[in-house]
Amino acid sequence: MQAQVQYENQNATVPLFVIEGRRPSLIGRDWMMKIQFNWNTVKQTSTQGRLEALFERYSSIFSNKLDTMKNYTATLELEQSAKPKFYRPRPVPFAIKNNIELELDSLEAAGILKKVTHSKWASPIVAVPKKEGKIRECGDYKVTINPVLNVNKYPLPRSKDLFATLSGGQRFSKIDLSQAYQQLNLDQESRELLTINTHKGLYQYTRLLFGVASAPAIFQQAMDTILSGVPGTVCYIHDILVTGRDTEEHLSNLEEVFRRLANEGVTVKNSQIESLPVTARQIARATSKDVVLLQVAEFTMKGWPKTVPQELKPYYNRRHELSMQGGCLLWGMRVIVPPSYQKLILEELHSDHPGNRSPQHCLASFLLNYRTTAHAVTGVPPAELFLKRCLKTRLDLVKPDVATAVANQQSSQKKHHDRHSRKREFSAGDLVMVKVFKDNHFHWVPGTVIECYGLVSFLVQVNGGGSLRRCHIDQIRRREEVQENVTRTEDKGAESTTKGKVANGKQNNMEESEEARVESELKIIPSSGATCNDENNSTTNDDMVGRRYPTRVCRPSDKYF
């Protein structure tokens, strides 16, 4: 079909082909001949713009209003011998009493709590401070229902399984569900079990709550069902990790996660969607793709010219301080960050600003920064003086790690070697061949393992009832292995002998023909007064003809005493 295309100030009629399936769009040469594209803008892809489009499309899951899952309800089951327990409210510190009342009112307004006048079950509350400075109210159910609760046996994912699913990913996103357990409704029979007793009276939870022994398994089962089949996605209770081998696959997986969460009515924290720390491998990859840094790296490795373009002047002035390590450019001990990652690094540096975090988090960040920064007097971080090592931070992932690279290379070499190696194990009674040394040579003799002294030491009887030898595992082989090696060696020897005989035959024939040619060309001239048949004359034909090769005269060396 013919399509009318408008690009900037250009209009053209070009052919357009639509095919079945989900494939990338391609611009053909017929389009390029009629339209002049601005490649500086066409080649740039904005990941931030696509993320903002995803957030706008699925804005319902980022709502501040706490919603509930549509198709899932939690049920708590008690043992048949369980008896109701009713506990009085615990005293509340005056410093947090106002915050607790505000939290109770907000939960009641959201429909999470329901005020009741009587109940057979009642648990005291526990006030847990959150990093945002608020209070999370949980019931102390370890004294009431947890001991008599039939806990759901659904397994939580192991860390090895999570890492196996995320392997191969290059882009990562973390999603934190807002008040995760409270998005799951409770059935009518289970609500009375979660009644709490406060200084304001009895309240009954209508949704699942932190502190219940079955809550993690119930919520994990619901989330696994919602996210089942999404590639590159793992969920551990209320934390979701999404990955992809490239930006396109990562955003595709992220969009599918948002779509499923929106269909089930699950809400997430907008402020908690973040990328994982930048690593040295990403810095090295971005350095190799940056035109300026690629030239700087090449000049650093091969030498700088006398004159450089203007954009390389800052690096030229510091050329004696630049080095390469693991594909990353270093200025002294500092990593040169490519422009594509500078914004993320700056956000990481500014994340601990006092205005961005709670006082508790600011204090912890200040102490970590203080203990990992070189002291003005000693020149060494306090943590290194105390622990004899430096504490790792998120920014340390930007620096290339030589020790890790060496360990990975050694592991790779060992894996390659182990593919062709055989595991050697011997037990008493095994028929083996023993390596016996004599006159700087060794040969294999048959033997039988009598006793094992350990993993590498054995007592072997050689020559069918002969002497006993204590041998190392490197001096023992199974008989079939040695016989196989001997057969292979004999075959190679026979083949080389046959080839040698053929070669020697050819060489002898060539020598004989050469000698015949020389004899025919040379004339034997006898010396005067002598004949060839003279018995007193000891001159031979070789002497008269002359030696073809020089004769070496051997004489004793001169010795000085």
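**Cavity, rings and strands**

Mentor: Start with the lining of the largest cavity: three of its residues are nonpolar, two are polar and four are charged. Keep in mind that this is a predicted model.

Trainee: How many cavities of 30 Å³ or more does a search of the whole structure find?

Mentor: The search turns up one. The largest cavity has a volume of about 80 Å³.

Trainee: Which residues line the largest cavity?

Mentor: Its lining is made of Glu 103, Leu 107, Lys 130, Ile 135, Arg 136, Glu 137, Gln 179, Gln 182 and Phe 210. Two elements give two or more residues each, namely helix 4 (94-109) and strand 6 (135-139).

Trainee: And which element gives the largest share of that lining?

Mentor: Strand 6, with three residues.

Trainee: What about pockets? How much space lies in the second largest pocket?

Mentor: About 470 Å³. The second largest pocket is lined by 14 residues, and the closest to its centre are Leu 16, Phe 17, Pro 24, Ser 25 and Leu 26.

Trainee: How does that lining split by class?

Mentor: For the second largest pocket it is nine nonpolar, three polar and two charged residues.

Trainee: Changing topic. How many aromatic pairs does a search of the whole structure find?

Mentor: Eleven. One of them joins Phe 55 and Phe 62 edge-to-face, at 5.2 Å centre to centre with 75 degrees between the planes.

Trainee: Why is the pair of Phe 299 and Trp 304 called tilted?

Mentor: Because the planes of Phe 299 and Trp 304 stand at 50 degrees, with the ring centres 5.3 Å apart. A pair must be over 60 degrees to count as edge-to-face and under 30 to count as stacked. Phe 299 is partly exposed at 22% relative accessibility, whereas Trp 304 is buried at 19%.

Trainee: Which residues do ring pairs link into a cluster?

Mentor: Phe 55, Tyr 58, Phe 62 and Phe 258.

Trainee: Where does the charged end of Arg 470 sit?

Mentor: Over the ring of Tyr 453, 4.1 Å from the ring centre. Arg 318 likewise has its charged end over a ring, that of Trp 331, at 5.0 Å from the centre.

Trainee: How many bridges pair strand 13 with strand 14?

Mentor: Four, in the antiparallel sense.

Trainee: What joins strand 17 to strand 18?

Mentor: Five bridges, with strand 18 (residues 457-462) running antiparallel to strand 17. They form a hairpin with four residues between them, and Glu 451 stands opposite Leu 459 in strand 18.

Notes: Residues numbered from 1 in each chain as written. Predicted model: local features only at pLDDT ≥ 70, side-chain atom pairs only at ≥ 80, totals over all residues. Heavy atoms only, no water. 1 Å grid on protein atoms, 1.4 Å probe; cavity = no way out; pocket = protein on both sides within 12 Å on 5 of 7 lines; lining within 4 Å. Points joined across faces, edges and corners; volume = space filled by probe spheres on them. Nonpolar A, V, L, I, M, F, W, Y, C, P; charged D, E, K, R; others polar. Phe/Tyr/Trp six-rings, centres within 6.5 Å; stacked < 30°, edge-to-face > 60°. Buried < 20%, exposed > 50% of the residue type's maximum accessible area, 1.4 Å probe, protein only. Lys NZ or Arg CZ within 6 Å of the ring centre and 35° of its normal. Pairing = 2+ DSSP bridges.
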